[in-house]
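Trainee: Hey, could you walk me through this one? I'm new to reading structures.

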Amino acid sequence: MDSDIRHVRRVKVARIADLDEGTMLMVQVDGTMILLIRQDGLFALQGTCSHEYFELDKGFLSADAVTCALHLSRFDLSDGQSLDPPADLPLVTYPVSLEGDDIVLEVPEGEIPINE
């Protein structure tokens, strides 16, 4: 068995009714903050800025990015890449899906990765 294979678990984190189009919702899985975004689809990114540990739900959404309110770094919703300094590390993204009315994340067993 390949030791690099990471097992994932599926975690129901919210209901779609909790997340209107064009909004964000912070959830926690095992103490890790994860930001859900519903804007032309569903996205799940680490909930804190990779530059400084600041909660991204206090920021704002633009076309395809979330902006940290602390230093105005923007991050691409689809892949978490940093679009503006001072942040240079991307945000970790997590697979997210809608199952019926439930928003479900796929996260690894054990510690949930974030960039900081």
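Predicted model: local features only at pLDDT ≥ 70, side-chain atom pairs only at ≥ 80, totals over all residues.

Trainee: Okay! How many helices and strands does the protein have?

Mentor: Zero helices and nine strands. Helices (H or I, at least four residues) and strands (E, at least two) are DSSP runs, numbered from the N terminus.

Trainee: And how compact is the protein for its length?

Mentor: Its radius of gyration, taken over C-alpha atoms, is 14 Å. Along its principal axes, the C-alpha trace spans about 40 × 35 × 20 Å.

Trainee: What share of the residues is buried?

Mentor: Buried residues make up 41% of the 116. Buried means under 20% relative accessible area, exposed means over 50%, and partly exposed is in between, with a 1.4 Å probe and protein chains only.

Trainee: Let's talk sheets. What holds strands together in general?

Mentor: Strands of a sheet pair through backbone hydrogen bonds, either parallel or antiparallel. Here, two strands count as paired if DSSP finds at least two bridges between them.

Trainee: So what order do β2, β3 and β4 come in?

Mentor: They form an open sheet in the order β2-β3-β4, with antiparallel pairing. β2 (23–29) and β4 (42–46) each have a single partner strand, so one side of each is left without a neighbour in the sheet. The twist averages 25° from one strand to the next; for the angles, axes are lines fitted to C-alpha atoms, for helices over the stretch in contact, and angles run from 0 to 180 degrees between N-to-C directions.

Trainee: How many bridges join β3 to β4?

Mentor: Five, with β3 covering residues 32–38. Ile34 has Gln46 in β4 as its bridge partner.

Trainee: Which strands make up the other open sheet, the one with β6 in it?

Mentor: That's β5-β6-β7, in that order, and the pairing is antiparallel. β5 (60–61) and β7 (74–76) are the edge strands, each pairing on one side only. Two bridges join β5 to β6 (residues 65–67), and Phe60 has Thr67 in β6 as its bridge partner.

Trainee: Switching topic: what's β9 up to?

Mentor: β9 (residues 102–108) runs antiparallel to β8 (residues 96–99), joined by four bridges. Val96 has Leu105 in β9 as its bridge partner. The two strands form a hairpin with two residues between them, and Gly100 in the turn has a positive phi of about 65°.

Trainee: How many bridges does β9 have with β1?

Mentor: Seven, again in the antiparallel sense, and β1 is residues 8–15. Ala14 stands opposite Ile103 in β9.

Trainee: Is β9 largely enclosed or left open?

Mentor: Largely enclosed by the rest of the structure, because six of its seven residues are buried.

Trainee: Which side chain does Asp102 make a polar contact with?

Mentor: Arg15's, at 2.9 Å. A polar contact is a pair of N or O atoms within 3.5 Å; within protein, one must be able to donate a hydrogen and the other to accept it, and residues adjacent in sequence count only if both atoms are side-chain atoms. Asp102 sits in strand β9 and touches Lys12, Ala14, Arg15 and Ser97, not counting residues up to four places away in sequence. Touching, or contact, means heavy atoms within 4.5 Å.

Trainee: Last one: is Leu42 buried or partly exposed?

Mentor: Partly exposed, because its relative accessibility is 21%. Leu42 is found in strand β4. Leaving out residues up to four places away in sequence, Leu42 touches Ile16, Leu19, Ile37, Val96, Ser97, Leu98 and Ile103.

Methods: Residues numbered from 1 in each chain as written. Heavy atoms only, no water. Rg over C-alpha atoms; globule rule 2.2 N^0.38 Å.
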